[in-house]
Each structure stands twice: as structure tokens, then as C-alpha cells.
Amino acid sequence: MVEPIAAPAAAERLRWRVVESAPEQQQLFPTPPERIVGTGEFRGLEFLPVHARRIINEVPKTSPVPFRHTINAYRGCSHACTYCFARPTHDYLGLDSDVDFDRVIVVKVNAVERLRAELAPKRWNGDPIAMGTNTDPYQRAEGKYHLTQGIIDVLSAARNPFSILTKGTLILRDLDALAEAARRTTVETSFSIGTVDEEVWKLTEPGTPHPMQRVEAVARLNDAGVPCSVLIGPILPGLSDRPEQLDAVVGACVDAGARSIAPIMLHLRPGVKEHYLGWLQGVRPDLVADHEERYRRAYASSKQRDALTTTVRDLIAKHRLRVRRGGSTRAMPRLSERFERPR
Ligand code: SF4
């Protein structure tokens with residue numbers, strides 16, 4: 001059971017307010033405005049429509065991420081990955097970072113209008129904008145609200161560079177719009193595909209499209225002229241890091257013509273760690289002690305991460321060679337420089 005939202009103290013901390021307090025928008029959501037229960041293909045979800053005061057977020061200068069501005073039109077994510085680093089962002093508003101994160105989705109219904117206003121030439125210098133940094137822009141809610149679709153159209157019209165990281169094959173709905181945007185400005189898309197092992201996928205990412213559907217989407221985006229890379233991650237110790245598992249996912253991404261391929265090992269920040277280890281205790285208790293040892297800090301040791309990087313580089317080289325020898329008709333990927341290397 002979810003407690004009612006809009007406790008004043010919580011609402012004041014946010015850059016958005018509930019739609020209930022915005023009469024001009026209530027016609028969009030007749031009654032009740034504060035909670036919409038999903039039906040049909042959205043069954044099992046609830047939506048909380050809010051008004052964002054700003055939609056472009058500025059990343060703190062101290063952050064090591066390779067982008068300075070982001071847009072997240074949703075909060076929470078029905079892809080429900082067990083390891084999701086964004087879970088603690090749902091601890092506002094009386095929602096929790098476990099079940100609520102997966103099924104109660106905050107929807108910034110004015111995202112497209114806000115973006116149009118914030119891109120006004122006197123207010124904006126044309127910096128690239130990243131999407132998919134704190135929630136998936138092509139999760140199930142996007143099928144209902146079309147906010148990412150509208151955002152792409154606005155960015156494309158403004159010729160503003162942007163990037164999208166997703167696990168959602170719903171991105172193919174917007175293939176033509178993305179191809180048009182890529183002709184006008186710099187567009188980078190990336191799929192997150194941590195494994196193609198079906199058992200591990202079902203266990204760890206229960207709300208996501210099948211990994212091989214994602215692989216196919218990578219190929220279709222690149223074929224359409226929309227550059228698409230793959231982030232192989234997170235690679236989960238004891239679950240998806242066996243040599244044959246890594247070989248399978250790298251081979252599939254090479255065959256799909258991924259522009260770049262980069263691995264990332266699981267990291268467990270406070271809040272996420274408790275969720276993940278609690279889940280692990282239920283499904284693979286034999287791995288918990290190993291994780292306690294590995295994740296005394298948020299990141300596995302640099303030795304472990306370097307070993308993974310080397311393994312994946314070698315696999316990319318092996319599969320590139322296979323492709324060169326005629327094992328695939330698709331374009332070969334280049335090695336990525338974008339390995340995450342926190343110390
Ligand atoms: S797709 Fe991304 S944002 Fe969504 S649950 Fe998975 S890791 Fe989190």
C-alpha cells in the first residue's frame with residue numbers, strides 16, 4: 001500500500017508539483033488527478049502526474065559522468081532491474097525504493113512544454129542533453145505518455161545534440177524521428193545489454209524486453225543511420241560473468257554492428273546495496289558472502305574491473321576477427337573509450 005503523496009515537506013524539496021495543484025492541466029486527467037491506475041497493457045502500474053518546474057537538470061561539476069545536462073521525464077522504472085542504481089531516487093513522497101520504484105511511476109506531464117521554453121535561445125547555449133541517466137525513457141509509461149517522443153521532436157527541431165541510454169525496444173517506434181534528428185544534429189543512442197543469458201535476464205531484469213530483441217534494435221537503429229552503441233552491464237558477479245556468458249553477449253553485439261561496446265561491472269551504492277543483497281539472499285544466498293567482501297565500497301576493486309575490461313576487449317577483438325573472416329555481414333564495432341573507471 002502506498003501512502004498519499006504531496007506531503008508539503010517532500011513536495012518543497014522537488015522541482016515539480018502534483019498536477020492536482022495545477023487547474024489548467026486537470027482536464028488531461030479528469031479524476032482523480034493524483035493517481036492513475038494502469039489498465040490493459042499498463043496493468044500493474046500506477047502513474048503520478050506532476051508538473052516539473054524545470055526539465056533540464058544540470059549535473060554537479062564534481063560528477064565524473066561525461067554529460068553536463070540531463071532530462072528524466074519519469075521517476076521510477078517498470079523495467080524493475082534488481083540492481084538499479086536509481087532506486088533511492090524514489091524515497092521521496094512516501095514511496096519506497098523497492099516495489100514502488102518498479103510500479104508507481106512519476107510522470108512529468110509538462111516535460112515537452114518545459115523543454116520548449118528552456119531551449120529558448122537567450123536561455124540555452126545548445127549543450128548536449130543526456131536521457132536515460134536516472135530512469136529509462138522507453139519504459140512502459142512512455143507507451144502511454146509519449147514524453148520521450150515529444151522531447152526528441154523538440155530537440156530535433158532545435159538541432160540540439162542529445163543521447164539516449166535505454167533497455168526499451170519501444171525506441172523503434174521513434175526510429176524515423178531519430179533518423180531525422182541524426183541528420184540534423186549529433187544523436188547518440190546506446191542499449192544496455194548486460195547478458196543474453198535468458199535465465200539471468202528473467203531473474204534480474206523482469207520488466208525489460210528480451211535481450212536479443214535489444215540486440216536486434218541496435219542493428220535496426222544503426223541500419224537507419226542512428227548511431228547505436230552497447231553498454232554491456234552491469235555484469236553481475238556469480239550470475240553473468242562466466243566466460244561463455246561474456247562471449248555470447250559480446251558476439252551478439254558485434255554481429256549487431258554496435259558502434260562501440262563497453263563493459264561495466266555491478267556497483268552498489270548505499271541504498272542500492274541493501275536492496276540488491278536482500279534480493280540475492282532470496283535467490284542465490286551462496287553469493288552473499290562474496291558480495292559483502294567485494295562491495296565493502298560501492299565499486300568492486302580496480303583489479304577486478306581491469307580484469308573484466310581486458311576480458312571484454314579480448315572478446316571484442318576475437319569477434320571482430322570472426323566478422324572480418326566473413327562470420328557476419330554487419331559492420332564491425334570499434335573499441336570504446338568509455339569505460340567507467342571510478343577509483
Ligand atoms: S532500465 Fe535502467 S532505470 Fe530502469 S530499472 Fe533498469 S537500471 Fe533502473
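A residue counts as buried here if 20 or more other C-beta atoms lie within 10 Å of its own, and in this predicted model that description applies to 39% of the 343 residues of the protein chain. The chain has twelve helices and 13 strands.

**A buried loop residue**

- A258 is found in the loop that runs between helix 9 and strand 12, the latter spanning residues 260-265.
- A258 and C228 are separated by 30 residues in sequence, while their C-alpha atoms are 5.9 Å apart in space.

**Helix 9 with helix 12**

- Helix 9, which covers residues 243-255, packs with helix 12, residues 302-327, at an angle of about 50°, and their axes are 9 Å apart.
- That angle makes helix 9 oblique to helix 12, and the crossing of these two helices is right-handed.
- On the helix 9 side the contact is formed by L246, D247, V250, G251 and V254, which meet T311, V312, L315, I316, H319, R320 and V323 of helix 12.
- Sorted by class, the contact of helix 9 with helix 12 comprises seven nonpolar, three polar and two charged residues.

**Helix 5 with helix 6**

- Helix 5, residues 147-157, and helix 6, residues 175-184, pack at an angle of about 25°, with 9 Å between their axes.
- Since angles under 35 degrees count as roughly parallel, helix 5 and helix 6 are therefore roughly parallel to each other.
- The crossing of helix 5 and helix 6 is left-handed.
- Helix 5 contributes Q149, I152, D153, L155 and S156 to this contact, and helix 6 contributes A177, L178, E180, A181 and R184.
- By class, the residues in the contact of helix 5 with helix 6 are five nonpolar, two polar and three charged.

**Surroundings of the ligand**

- The residues around the ligand are C77, H79, A80, C81, C84, A86, T135, D136 and K167.
- This shell around the ligand divides into five nonpolar, two polar and two charged residues, and because Cys and Ala count as nonpolar, C77, A80, C81, C84 and A86 belong to the nonpolar class.
- Asp and Lys count as charged, so D136 and K167 belong to the charged class.

Key
Residues numbered from 1 in each chain as written. Predicted model: local features only at pLDDT ≥ 70, side-chain atom pairs only at ≥ 80, totals over all residues. Near = placed C-beta within 6 Å. Axes fitted to C-alpha atoms, helices over the stretch in contact; angles between N-to-C directions. Helix = DSSP H or I, 4+ residues; strand = E, 2+ residues; numbered from the N terminus. Parallel < 35°, antiparallel > 145°, perpendicular 65-115°, else oblique. Left-handed = near helix turned anticlockwise from the far one by under 90°. Contact = placed C-beta atoms within 7 Å. Buried ≥ 20, exposed ≤ 12 C-beta atoms within 10 Å, placed from the backbone.
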